[in-house]
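Let's walk through this one together with a few questions and answers.

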Amino acid sequence: MTQRDGDRLVALKKAKRKLITQREAAEEIGQTERHVRRLLVKLRKKGDPAVLHALRGQASNRELDEKL
């Protein structure tokens, strides 16, 4: 997890606990309020990995074989 992902997670958790509004969380992470709401739903379902891209760590579809 990068520093940016960690910052996003902190802002989302503050919004989840209602320490800040969703609007303030959106401003902190540079996203829209709508996206913050989607991330909060995802955070509830999947936990902390919700802020990470779902395909992180997987091989690219465009990756060439090692033989080449």
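Contact here means heavy atoms within 4.5 Å. One more thing before we start: this is a predicted model.

Q: Which residues is alanine 25 in contact with, leaving aside its neighbours within four places in sequence?
A: Let's start with the core, where alanine 25 is one of the residues that touch the most other members. Setting aside neighbours within four places in sequence, its contacts are Ala11, Ala15, Ile20 and Val36.

Q: Are α2 and α3 roughly parallel or roughly perpendicular to each other?
A: Helix α2 covers residues 22-29 and helix α3 covers residues 33-46. Their axes come within 8 Å and cross at roughly 100°. Angles of 65 to 115 degrees count as roughly perpendicular. So α2 and α3 are roughly perpendicular.

Q: Is aspartate 5 buried or exposed?
A: Aspartate 5 sits in helix α1, residues 3-16. Its relative accessible area is 6%, and the cut-off for buried is under 20%. So aspartate 5 is buried.

Q: Which side chain makes a polar contact with the side chain of aspartate 5?
A: Not counting residues up to four places away in sequence, aspartate 5 touches Val51, Leu52 and Arg56. The polar contact, at 2.9 Å, is with the side chain of arginine 56.

Methods: Residues are numbered from 1 along each chain as its sequence is written. This is a predicted model: local features need pLDDT of at least 70, side-chain atom pairs count only at pLDDT 80 or more; totals for chains, interfaces and linings use all residues. Side-chain values use heavy atoms; hydrogens and water are left out. Helices (H or I, at least four residues) and strands (E, at least two) are DSSP runs, numbered from the N terminus. Buried means under 20% relative accessible area, exposed over 50%, partly exposed in between (1.4 Å probe, protein chains only). A polar contact is a pair of N or O atoms within 3.5 Å; within protein, one must be able to donate a hydrogen and the other to accept it, and residues adjacent in sequence count only if both atoms are side-chain atoms. Axes are lines fitted to C-alpha atoms, for helices over the stretch in contact, and angles run from 0 to 180 degrees between N-to-C directions. Angles under 35 degrees count as roughly parallel, over 145 as roughly antiparallel, 65 to 115 as roughly perpendicular and the rest as oblique. A nonpolar core is a set of buried Ala, Val, Leu, Ile, Met, Phe, Trp, Tyr and Cys residues joined through side-chain atoms within 4.5 Å.
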